[in-house]
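Hi everyone, thanks for coming. I'd like to walk you through one structure today, so please have a look at it with me.

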Amino acid sequence: MHNGDIKTVTILGATGSIGCATLEIVRDQRGRLGYDSIKILALTAQNNWQKLAELACEFQPEFVALANPKNISQLRDALAHTAIEIGSGPAAIDEAAARNANWVMAAITGAAGLRPVLIAAKRGCILALANKEALVCAGSLLTDICVSSGTRLLPVDSEHNAIFQVFDPNLKHRVQKIILTASGGPFRTWSAARMAKATPAQAIAHPIWSMGAKISVDSASLMNKGLEIIEARHLFDVSPDQIEVLVHPQSVVHGLVEYMDGSMLAQLGPADMKVPIASAWAWPERIQTHGERLSLADLGRLDFEWPDEKKFPALQLARQAMQIGGNACNALSAANEVAVASFLQGKIGFPTMIKIVGDVLEKGDVCGASWHGEPESFEHVFDVDERARMAAQQHVASVIE
Ligand code: NAD
Ligand code: MG
């Protein structure tokens with residue numbers, strides 16, 4: 001973009017933690033550059049029509065989409081005094097993604113975000129990707145579409161954004177390994193016995209980051225880091241054994257690249273998602289933000305330790321899925337979504353969640369078919385997703401009985 005150009009923006013998952021942080025940047029940038037410097041084409045949400053209406057009144061998008069049609073009449077009433085177009089159901093989310101925004105934030109949680117991500121990727125745009133599950137499910141099918149359409153995929157996940165900032169693609173063959181840091185989540189120092197009794201409220205209470213429920217639970221089980229290993233493989237095209245995880249409880253160093261000469265380059269920053277979002281917003285430029293700054297002297301020290309893979313088997317499961325192939329990664333993520341939802345509903349215990357994901361990975365779908373192979377098409381991706389969800393539901397039901 002050149003100075004004076006209008007930035008056209010769509011935010012998929014606008015009412016969530018990442019969506020709202022992105023809109024804070026929009027608000028700030030409009031304050032600095034003028035309201036008309038940014039045109040919001042579409043904002044979307046799943047259920048929260050009140051929040052969506054509030055955001056629509058403030059940010060004046062052309063179009064808003066609510067995935068759950070149940071509350072659409074309330075949304076229509078709330079926006080009746082405006083000229084904003086309104087759509088409902090998953091097709092309306094797709095329509096939002098299809099609108100011609102040149103910068104799209106993909107911040108829907110889970111595989112539900114894949115179809116709109118695909119639609120945006122196909123038409124060519126800057127795609128700021130928070131929705132890691134989309135990449136875990138579709139892998140190279142998605143990255144190939146980005147290459148052929150000219151879509152620039154920019155990682156928003158803090159670790160991947162960090163690595164993106166220090167990973168020189170021209171020196172890819174000189175990269176020894178990449179390192180994703182993990183805060184360790186709320187149960188880092190808990191015994192396995194105590195973790196077995198963990199409640200959803202305890203799992204969601206992340207010590208550092210304030211995030212949506214699903215990713216908070218994934219952070220507690222370290223499945224988030226498992227998904228991130230798979231995400232990193234697709235973003236940086238490195239082999240699984242070049243991806244390392246280090247627990248770093250302060251969450252100051254977000255990611256590192258180690259080059260073959262022994263140099264390690266890292267990105268550091270406050271534990272605030274507005275930092276990676278601002279980086280994706282301005283790329284390849286930088287913008288002024290007014291968030292909290294790091295004071296390394298006040299911090300005094302940075303700690304790192306190996307993850308306890310016995311206590312947190314999700315990491316091994318993710319590596320196992322990567323070894324099996326793309327369909328297994330998709331099945332892992334889909335089964336995990338079902339298991340997390342069941343845990344949040346109080347149907348299963350915390351360790352059962354990962355056990356169910358392991359069972360789905362090992363025992364295959366409800367007919368016992370394995371997850372071997374790579375997805376050949378997006379239909380194939382959606383089919384594997386559905387079969388893995390059914391298998392996971394079956395395991396959940398057998399635990400409850
Ligand atoms: P969140 O739960 O706060 O928000 C999710 C958003 O997606 C909401 O707007 C919700 O309405 C929408 N949504 C959920 N299910 C939907 C569906 N089926 N159809 C349409 N819309 C739907 O979640 P979040 O914390 O903002 O995370 C969003 C994504 O970003 C996730 O993939 C997460 O892994 C990733 N991410 C989040 C953080 C973070 O700090 N929050 C960090 C890194 C990556
Ligand atoms: Mg992350």
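Before going on, some housekeeping. This is a predicted model, where local features need pLDDT of at least 70 and side-chain atom pairs count only at pLDDT 80 or more, while totals for chains, interfaces and linings use all residues. Residues are numbered from 1 along each chain as its sequence is written, chains are lettered from A and ligands numbered from 1 in the order in which they are written, and side-chain values use heavy atoms, with hydrogens and water left out.

Now, how many residues does the contact take from domain 2 and from domain 3? Counting contact as heavy atoms within 4.5 Å, domain 2 gives 20 residues and domain 3 gives 14. The area buried between these two domains is about 1400 Å², and carbon and sulfur atoms give 85% of that. Buried area here is the accessible area (1.4 Å probe) that two parts lose on being put together, summed over both. On the domain 2 side, Val-217, Met-223 and Ile-230 supply 34% of the area buried against domain 3, more than any other three residues.

What about charges? The structure as a whole holds 25 salt bridges. One of them joins the side chains of Asp-157 and Lys-132, at 2.9 Å from N to O. Asp-157 is in the loop between strand 7 (152-155) and helix 8, and Lys-132 is in helix 6 (residues 132-138), so this pair ties together parts that are 25 residues apart in sequence. Helices (H or I, at least four residues) and strands (E, at least two) are DSSP runs, numbered from the N terminus.

Asp-157 turns up again at the magnesium ion (ligand 2): the protein donors there are Asp-157 (OD), Glu-159 (OE) and Glu-228 (OE), at 2.1 to 2.3 Å. Donors are N, O and S atoms within 2.8 Å of the metal (3.2 Å for Na, K and Ca), and since water is not among the atoms, sites may look incomplete. Glu-159 sits in helix 8 (residues 158-166) and Glu-228 in helix 12, so they tie together parts 69 residues apart in sequence.

Two backbone details to finish. Most residues other than glycine have a negative phi, and most peptide bonds are trans. Here, a cis peptide bond joins Trp-283 and Pro-284, with omega about 0°. Asp-237 has a positive phi, near 55°, and lies in the loop between helix 12 and strand 9 (243-247).

Key:
A salt bridge is a side-chain nitrogen of Lys or Arg within 4 Å of a carboxyl oxygen of Asp or Glu.
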